[in-house]
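Please look over the following chain before reading the briefing, which goes from overall form to a single residue.

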Amino acid sequence: MRRVILLIIDGLGDRPSQSLKWLTPLQAAEIPNMDLMAAKGLLGMQYPIAPGVPPGSDSGHLSIFGYDLDKEYPGRGVFEALSEGVVGDGVIFRANFSTVREENGKLIVVDRRAGRVEKEDASLLASELKDLYLLNGEVKAKFVHTLEHRGFLILEGEGLSSLVTDVDPHEEGYYVLEPEPIDDKAVKTAEAVREFLLISYRMLKDHEVNRKRIAEGKLPANFILLRGASSPPKLEPFSSRWGFKPAAVAAGPMYKGIARALEFEVFHPPGATGLPDSDFSSKIRKALDLLEEFDFIYVHMKGTDVASHNKDPQQKVRVLERIDLALEPLTDPPEDLLVVITGDHATPCSLGKHSGDPVPVLFYGRGLPRDDSSNFHELDAQVGGLGWFTGSSMMRLILNYSDRALEYGLRPFPRPRGYIPRIEMLNPLKI
């Protein structure tokens, strides 16, 4: 049976860009290592959720890891909190520092990330929101900053529910939305959210950090946009569902959080930032080292998605080329290693946001089947030997090409499983 390295290049899929002479960033980039693996491996295209459905990074990952979004998706906020090792019984929101302006008694979103506010400014602002009491002290609000503009908000108190709407419209130039209860159990939560938004806005808009930012020509981080209300999840561990002993190599908060939710061992190697300047080679070196102890290594690369959200195809090309340099050790893998490269969603630079486009997939390893593809990009992947599939099929394919798939109809476990079990998983007959 093969060990596996699954590399998820965030926002990998794209569309042709005029500034790249109508090539996609993958087509325009000089990526000889990924092209070599493509020429000797299998390509395909996957819709992380379903055709035309734009995934979030959290939902895209969950689907690729083989979880049923209709039944098992808890909401995004909890993954952000788990990235910091925070667990509890409250309602947790993904939060963005953002820039808003007032117009006729309403707030309009100018920038959903406050110009990707710097860590120092974000940390100072976050310290003002560390502990707030809402609804006459019935609800405690705690805001925690993680990376750049990102953070999470925890509401704690009696009678709260995660069934509230987002206030983040997910588009710039739109009004901040009123928090609304999805059912009667969430009325109190919606009221608490509304009070937090108004209090935090009054605290942030005239804060000295933001006065300084405006004087320097920067966007003020004057509002907290909330989305993805969630409660702590009860997800089956990845090892139980798929039979692997898993580890994760990641720097971005959400990606570490989702790995912890699925009970991966999580590693953050030196130089990994979750940004375009990340040390991608450090991540690959760590992944290879972890193969001594683990047999499924998930490696996350974030910089491509940041470039896409910045609508900067040239930067995305540069990031892809740096990632490719880091992948050179994977071009000559051990005989028992399967390398899988894909993305959690497409983020076309022309849009600056996630789309429902498909994402290229590459399977590579010694002795595996090959197709006629010669390069790793969208056009070759469209006619690759893996065909087209949804993200929910990814783990089945990984089991198959890592020689771990259990023949249909066999049942060494009381519950249905698709993998050949490790010997320590079995219950031997005692005589």
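How many positive and negative side chains does the chain have, and how far apart do the centres of the two sets lie? There are 51 positive side chains (Lys and Arg) and 62 negative ones (Asp and Glu), with the two centres 1 Å apart; His and the chain ends are not counted, and each charge is placed at NZ of Lys, CZ of Arg, CG of Asp or CD of Glu.

This is a predicted model, in which local features need pLDDT of at least 70 and side-chain atom pairs count only at pLDDT 80 or more, while totals for chains, interfaces and linings use all residues. Residues are numbered from 1 along each chain as its sequence is written, and side-chain values use heavy atoms, leaving out hydrogens and water.

**Fold and dimensions**
- The chain contains 15 helices and 14 strands, taken as DSSP runs (H or I, at least four residues, for helices; E, at least two, for strands) and numbered from the N terminus.
- Its radius of gyration is 22 Å, close to the 22 Å that the globule rule gives for 431 residues, so the chain is as compact as a globular protein of that length; the radius is taken over C-alpha atoms, and the rule is 2.2 Å times the number of residues to the power 0.38.
- The C-alpha trace spans about 65 × 65 × 35 Å along its principal axes.

**Burial and Ser 282**
- Of the 431 residues, 58% count as buried, meaning under 20% relative accessible area with a 1.4 Å probe, protein chains only.
- Ser 282, in helix 11 (residues 280-290), counts as buried because its relative accessibility is 7%.
- Beyond its neighbours within four places in sequence, Ser 282 is in contact (heavy atoms within 4.5 Å) with Pro 269 and Pro 270.

Definitions and conventions
Buried means under 20% relative accessible area, exposed over 50%, partly exposed in between (1.4 Å probe, protein chains only).
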